[in-house]
Amino acid sequence: MPLVLSPSDIDYWFNLGQSLTAGPRVHRPSPFSALLAAGMRSTAGEVVVDAGCGAGLVTVAALMSGADHVIAQDFDPDCLTDTAANVERLLGRGARTRLTLWEADWRQLGPMRADLLAVNPPQRPTALLPDVSADVRHLHEGGGDDGFDALRLVLAHAAAGRVHTTAAAVLDLPAAQDGLCGTTWHRPSIVAQAELPLDRAWQLLVPGLVGRVDVWQFVRR
């Protein structure tokens, strides 16, 4: 059964995310990222990749849940700098020694061997992008027509044994799962979920701007 997270669970991680050091080019963690962090169960003894780490909220969650080592990946070096600073400030120098920074894009995930890769990919379908503020639109591009193109890219290149990804329920991931899994991944299962407030850009699909968001787990065959 999936872990159903309460508003207070999400609020803890969302507020922690808002407190992180984040430079002007670094995206502060969204409620979707807070869900991914809140749903991080024990990672004791594991290596975790935080793919697209931003300011490092999921990195912090993985270290707090016991990961032996975390690889924080982002194509923007400012994100990596902020992630390292946030880990050391919140968790201390010992935690910083369990962190590796990797400047790369998602086509370069192959060398990152890990037990778990966690990602909150861009997932707003192309039809929603005109309603995204121009100054942050580049952060939300890549979902494609159905919202899953960025996830397809991650699954095509990830070397981890498991992948955890957020997905708004309105996008209907089960309908796309055959194309997402291919011959590499088992059919996914939901491991966590919550009702979240959505950005106004989702209004075309979710008029009330509150909807269920799931954390899906893909396990390598």
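In this predicted model, R162 forms a salt bridge with E46 (a side-chain nitrogen of Lys or Arg within 4 Å of a carboxyl oxygen of Asp or Glu), and the closest N and O atoms of the pair are 3.1 Å apart. R162 lies in strand β6 (residues 162-168), whereas E46 is found in the loop between α2 and β2 (47-51), so the contact ties together parts that are 116 residues apart in sequence; helices (H or I, at least four residues) and strands (E, at least two) are DSSP runs, numbered from the N terminus. R162 is partly exposed at 21% relative accessibility, while E46 is buried at 15%, where buried means under 20% relative accessible area, exposed over 50% and partly exposed in between (1.4 Å probe, protein chains only).

Residues are numbered from 1 along each chain as its sequence is written, and side-chain values use heavy atoms, with hydrogens and water left out. As the model is predicted, local features need pLDDT of at least 70 and side-chain atom pairs count only at pLDDT 80 or more, although totals for chains, interfaces and linings use all residues.

Across the whole structure, the search finds nine salt bridges. One of them joins the side chains of D76 and R25, with an N to O distance of 3.2 Å, and this pair links distant parts of the chain, since D76 sits in the loop between β3 (69-74) and α4 (77-91) and R25 in the loop between α1 (7-19) and α2 (31-38), 51 residues apart. D76 is buried, with a relative accessible area of 9%, whereas R25 is exposed, with 52%.

A further salt bridge brings together R212 and D214 at 2.8 Å, N to O; R212 is partly exposed at 36%, and D214 is buried at 1%. Salt bridges that share partners also join R25, D76 and D78 into one network.
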